[in-house]
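Please keep the sequence and the model in view while reading the points below.

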Amino acid sequence: MHEALYRQIGAASCSQALVLMGDFNHPDICWRDNTAGHKQSRKFLECVDDNFLLQVIEEPTRRGAMLDLVLTNKEGLVGDVKLKGSLGCSDHEMVEFRILRAARRVRSKLTTLDFRRADFGLFRDLLCRIPWDKVLEGRGAQDSWLVFKGHLLQAQERCIPTKRKSSKSTKRPPWMNKELLGKVKQKKEAYRGWKQGQVAWEEYRETVRAARDQVRKAKALIEISLARDVKDNKKSFYRYVSDKRRTRENVGPLQNEMGDLVTQGMEKAEVLKDFFASVFTGKCFAQVAEGKGRDWEIAEPPTVGEDQV
């Protein structure tokens with residue numbers, strides 16, 4: 001029974017994006033230290049580790065034990081995990097979470113010069129063929145610049161090809177360095193080789209574990225550094241925290257005058273409008289109307305009341 005479950009988990013973990021939730025009934029597993037007491041729990045923990053799954057629930061879901069789990073094979077796919085209390089007669093906590101879908105990349109229509117494929121030898125040769133003394137003779141600074149610019153653009157068009165500008169708007173994370181980029185590249189190559197049958201599973205697994213451990217250490221070091229220097233470098237700290245937030249919180253549920261929670265956008269707008277109207281007072285208008293100004297004595301004050309606001 002358990003072996004069949006482990007085989008199904010292994011097959012499902014090969015998908016591009018996986019979210020697996022359920023009551024796995026392993027209360028002796030400590031997910032923070034990645035340890036377990038019973039043999040069956042250790043086998044389940046080994047299955048999760050071998051398939052590179054992440055467990056995102058951090059609080060107990062039933063009487064101080066963490067029985068209900070949410071597993072995913074992609075970091076950042078699941079977010080905003082919250083426990084919402086029990087439902088009916090159940091003694092398990094309800095688990096609420098969001099599956100964060102990556103935004104579709106917009107293909108850029110801008111073009112830029114591709115200097116990697118440029119023929120600088122031909123470019124230099126074309127410019128050297130032009131008799132600049134005769135071409136620029138008797139011309140002023142502005143005319144000389146326009147002539148030079150025209151020849152330069154013609155040579156550029158012949159010798160330097162163009163390419164579509166990359167639409168990647170994100171920069172490298174602050175913890176990413178050249179060594180980690182090499183490890184990530186090795187992991188991708190090992191995965192490609194394993195898919196093609198050229199790399200053994202054990203070798204691929206060791207490569208992934210090594211890359212994952214180094215990434216985690218790099219993240220921990222940069223976070224410790226930012227926390228230590230937060231007093232002197234608040235901007236970097238809050239920029240890092242803002243980048244880690246993959247979702248932006250909107251206006252949450254509001255309680256209307258009847259005591260009911262409203263969640264729809266139009267209903268929340270009505271609740272906010274009613275509350276604003278309830279605290280409106282006409283004292284400010286009365287005080288302005290009583291002021292002694294030349295304009296107020298000549299012109300009639302505007303008629304603005306609670307209904308108009």
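**Strands and their pairing**

Asp 23 stands opposite Asp 68, a residue of strand S3. The model is predicted, so to speak of local features requires pLDDT of at least 70 and side-chain atom pairs count only at pLDDT 80 or more, while totals for chains, interfaces and linings use all residues. Residues are numbered from 1 along each chain as its sequence is written, and side-chain values use heavy atoms, with hydrogens and water left out.

*The open sheet*

- Strands S1 and S3 (residues 68–72) run antiparallel and are joined by 5 bridges; two strands pair if DSSP finds at least two bridges between them.
- An open sheet of 3 strands has the order S1-S3-S2, with antiparallel pairing.
- Strand S1 (19–23) and strand S2 (54–55) each have a single partner strand and stand at the edges, so one side of each has no neighbour in the sheet.
- Helices (H or I, at least four residues) and strands (E, at least two) are DSSP runs, numbered from the N terminus.
- Strands of a sheet pair through backbone hydrogen bonds, in either a parallel or an antiparallel way.

*The hairpin*

- Strand S4 (residues 78–86) pairs with strand S5 (residues 93–99) in the antiparallel sense, over 5 bridges.
- Leu 83 has Val 95 in S5 as its bridge partner.
- Between S4 and S5 of this hairpin there are 6 residues, and Gly 88 in the turn has a positive phi of about 65°.

**Salt bridges**

- The count of salt bridges comes to 7, where a salt bridge is a side-chain nitrogen of Lys or Arg within 4 Å of a carboxyl oxygen of Asp or Glu.
- Arg 98 and Asp 80 form a salt bridge at 3.6 Å, N to O. Because Arg 98 lies in strand S5 and Asp 80 in strand S4, this pair ties together parts that are 18 residues apart in sequence.
- Arg 98 is partly exposed at a relative accessible area of 43%, and Asp 80 is partly exposed at 26%. Buried means under 20% relative accessible area, exposed over 50%, and partly exposed in between (1.4 Å probe, protein chains only).
- Glu 206 and Arg 209 form a salt bridge, with the closest N and O atoms 3.9 Å apart. The two residues are 3 residues apart in helix H7 (residues 201–228), so about one helical turn separates them.
- Glu 206 is partly exposed, with a relative accessible area of 45%.
- Asp 229 meets Arg 228 in a salt bridge of 3.7 Å, N to O. Asp 229 is partly exposed at 32% relative accessibility, whereas Arg 228 is exposed at 58%.

**A buried lysine**

- Lys 268 is located in helix H9 (residues 265–278).
- Lys 268 is buried but has no salt bridge, and Glu 267, the nearest side chain of opposite charge, is 8.8 Å away. Lys and Arg count as positive and Asp and Glu as negative, while His and the chain ends are not counted.
- Leaving aside residues up to four places away in sequence, Lys 268 touches Val 251, Gly 252, Leu 254, Val 262 and Thr 263 (contact means heavy atoms within 4.5 Å).

**A residue at the surface**

- Val 309 is found in the segment after helix H11 (294–298).
- Val 309 counts as exposed, at 53% relative accessibility.
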